Each structure stands twice: as structure tokens, then as C-alpha cells.
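Hi there,

Here is the structure I promised to pass on to you. Please open it first, and then read my notes below.

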Amino acid sequence: MSEEKTVDIESMSSKEALGYFLPKVDEDARKAKKEGRLVCWSASVAPPEFCTAMDIAIVYPETHAAGIGARHGAPAMLEVAENKGYNQDICSYCRVNMGYMELLKQQALTGETPEVLKNSPASPIPLPDVVLTCNNICNTLLKWYENLAKELNVPLINIDVPFNHEFPVTKHAKQYIVGEFKHAIKQLEDLCGRPFDYDKFFEVQKQTQRSIAAWNKIATYFQYKPSPLNGFDLFNYMGLAVAARSLNYSEITFNKFLKELDEKVANKKWAFGENEKSRVTWEGIAVWIALGHTFKELKGQGALMTGSAYPGMWDVSYEPGDLESMAEAYSRTYINCCLEQRGAVLEKVVRDGKCDGLIMHQNRSCKNMSLLNNEGGQRVQKNLGVPYVIFDGDQTDARNFSEAQFDTRVEALAEMMADKKANEGGNH
């Protein structure tokens with residue numbers, strides 16, 4: 001019998017820990033499946049605490065699809081989905097996942113692995129025994145996960161979260177969500193055939209809060225000017241905030257990253273060295289299919305990304321043991337809020353990052369993230385005097401992104417930021 005290879009996590013850098021733990025989430029799911037334990041496919045901002053407390057392994061289709069997109073494997077999955085009749089207007093995360101699901105279904109039914117699946121750069125994931133969703137970031141997730149449940153004939157746990165037409169989150173909204181939590185617990189008890197483990201749930205909640213506290217602290221390093229932190233790094237590390245915030249994988253990795261950032265500040269090692277000409281906020285999902293290109297174009301202009309509201313969607317800070325506090329945390333994601341709150345969040349990100357400009361991703365795949373871009377940009381320009389540009393794109397469908405258009409918009413933003421600085425300098 002072969003022994004498991006000993007891994008020296010202590011000596012790893014944060015980047016090495018990220019490279020170890022992120023694939024381990026999927027590996028844990030594969031292991032759970034082999035051992036006869038349950039596997040769940042979950043939406044990215046659905047609360048994982050309930051499943052983790054019941055020892056159910058979790059896979060995240062959005063993170064999985066982003067990984068496929070970043071490794072240039074999305075076109076093959078999109079083709080499978082579109083051949084099945086899924087429209088190109090549907091979220092590309094959803095279409096990539098539907099394509100992957102279809103191939104897994106074929107494999108399960110025939111016992112043979114389809115060539116497209118063999119050639120995929122994706123981390124292998126098992127089919128789910130249950131799917132969990134929450135509409136706190138978009139209502140597309142409801143139909144996406146209903147479809148998964150129907151196609152795979154597995155139970156669906158849906159946590160319904162009302163849209164916040166006013167803010168702060170109202171008492172009755174929090175009480176409604178607590179009711180949704182309790183119904184999810186009952187569904188899990190029925191599925192697992194045993195009582196919910198409230199003691200373990202409390203420990204999982206505390207772990208989640210330790211992980212999220214470290215995640216939130218990372219963003220505070222944008223206060224330094226020059227900055228030791230490049231915002232594009234948040235897009236990479238965010239994978240653990242999504243897929244492992246209720247595990248110690250994320251806490252370990254984020255604390256390593258914080259220690260490295262402290263060392264960079266002490267040694268005056270800045271993200272762009274002496275080449276930080278300007279600082280920008282990125283609004284919207286990363287263009288995973290062109291992450292390198294988007295970063296390099298901004299870097300070529302000396303524009304460092306020091307702000308983004310997107311990673312902050314996983315700031316699910318709450319008081320362990322208090323279900324109403326947890327309900328509020330999972331309800332207040334900024335795209336689940338009225339324009340006034342959404343605009344306030346964006347302004348805070350721009351201010352905290354000491355940003356000179358704002359670049360906004362008009363995402364073909366994510367209408368909810370893109371709907372109020374122009375209004376948000378106008379508000380930031382009016383209240384903070386910060387210019388903005390908008391580019392068209394997609395998170396995983398390359399057909400909806402133009403490198404040339406992106407480059408032109410970034411150049412325009414760089415010119416506006418430079419003009420503004422020159423005018424401010426002339427006024428002193």
C-alpha cells in the first residue's frame with residue numbers, strides 16, 4: 001500500500017500554497033466520491049458552511065469554468081453546450097459548466113471518456129450528489145442550478161436572498177433568509193440521514209471568519225503608495241476565497257501572503273518598482289481568457305490596479321453563532337443592492353486604492369455586473385473627479401473580447417489620467 005506523499009506546507013510561499021490548495025479542493029471531491037461520501041456543486045457566493053458542517057465535499061462550477069477559460073480550454077466546452085442548444089447569450093460560466101457536465105454524463109453512461117474531456121485542461125471533478133445555489137449575485141444561477149438538478153436527477157438546495165432595494169439590509173429580509181438557512185439544514189438532514197451537526201457548524205463558521213479576516217486584510221495593502229500589492233494577484237488568490245473559505249486552506253495561504261506583503265513594505269519592494277505612474281480600479285469580473293494581456297497592457301501604461309469591488313464580494317464577515325448576522329453577510333453583496341449602495345461601494349474602492357482612473361468591464365456574460373456600469377462611472381467621475389472607460393468583454397468566451405478595443409480604451413484612460421495630473425500640477 002503506497003503512503004501519501006508528505007507535503008511541507010510550512011516552507012511554501014503563498015504562491016506555492018495557492019498552487020497546492022486550489023487543486024486540492026477538487027482532489028478532495030474526487031476522494032470523497034470514491035469513499036462514497038457526498039459531493040456538492042455550489043454557486044460561488046452560496047454559503048458553504050452548511051455542507052462543510054455535514055462533511056459534504058464542495059466543487060465550484062464558476063471557479064472551475066474560470067480555470068478552464070484561463071487555460072484556453074473554454075471553446076471546446078462552449079461548443080458542446082451550444083450544440084446541445086444552450087444560447088450564446090447565456091452566462092459563459094454556465095455554458096462552460098453545461099458543456100463539461102454533458103461530457104461527464106456521457107462518461108458515466110458509456111463508461112468511456114469522450115475525447116473532448118480527455119483533452120480538456122480542466123481539473124477533473126466528479127458529478128454532484130446535490131447542487132446548492134443562492135441568488136445573491138444573480139438570478140441566472142436559479143435556472144442554471146435547476147437545470148443541473150434536472151439533467152443529473154439530483155436534489156437542489158436553493159437559498160433565496162431578496163434584492164436590497166434599500167440599505168442596510170432590513171430586519172424582515174434577514175429573518176426571511178434565516179428561514180431559508182433552516183430549510184437548507186432540513187434538506188441536508190434528509191439527504192444525509194442524520195441530524196445537522198451544530199457544534200461542527202459553529203467551528204466551520206469560525207474558520208470561515210478567520211479566512212475572510214485574512215482575505216480582507218490583504219486589500220488594505222493598497223493604502224501604500226507605491227503599492228506592494230498588484231490587484232491582479234487578488235484575482236488569482238480569490239480562487240481560495242471562493243472555493244475554500246470554510247477550510248483552513250485559505251487561511252493558511254492568505255496569512256502567508258500577508259507576511260510576504262509585510263516584508264515587501266519593509267524592504268520597499270513595490271509591485272511596479274519605480275514605474276507606478278497611475279493607479280486604477282477594475283470594475284467587473286476578470287477576463288480570464290486574457291488575464292495576461294489585460295495585465296500587460298495596463299502595466300505598459302504604468303497603470304497599477306489597486307482596487308476592485310469584485311474580490312470584495314467574498315467579504316462575508318459575520319458573528320459565528322448568529323444566523324441573522326450570517327444572513328446579512330450573504331445578502332449585502334454589492335450587486336444585490338440598490339444603485340445608491342452599489343455606487344457607495346465603488347467610490348470607497350476608488351478612494352481606498354488611491355486610484356486615478358476606473359476601467360469597467362461591460363461583460364456580455366454577466367448582465368448583472370454590467371447593467372449599471374455607466375451610472376457607476378458617472379457617479380465616480382462626478383463625486384471623485386476620476387475618469388473612467390468601459391470595454392466590452394467576457395470572462396470565458398473569447399468571441400466577446402477584442403484585444404484591440406481593450407488596448408485603445410486603456411490608452412484613452414492613461415491619457416485622461418495624465419491630463420488630469422498635469423492640470424492639477426499647473427494649478428498649484
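In helix H16, the buried residues include Asn373, Gly376, Gly377 and Val380; buried means under 20% relative accessible area with a 1.4 Å probe, protein chains only. They cover an arc of only 100° around the axis (taken from the directions from the helix axis to the C-beta atoms), which puts them on the same side of H16. An α-helix has 3.6 residues a turn, so residues three or four places apart point the same way.

This is a predicted model, where local features need pLDDT of at least 70 and side-chain atom pairs count only at pLDDT 80 or more, while totals for chains, interfaces and linings use all residues. Residues are numbered from 1 along each chain as its sequence is written, and side-chain values use heavy atoms, without hydrogens or water.

What covers that buried side? Strands S5, S7 and S8 are among the elements there, together with helices H14 and H15. Contact means heavy atoms within 4.5 Å, and helices (H or I, at least four residues) and strands (E, at least two) are DSSP runs, numbered from the N terminus.

H14 gives the largest share of the lining, four residues.

Enjoy exploring!

How values were computed. Buried < 20%, exposed > 50% of the residue type's maximum accessible area, 1.4 Å probe, protein only.
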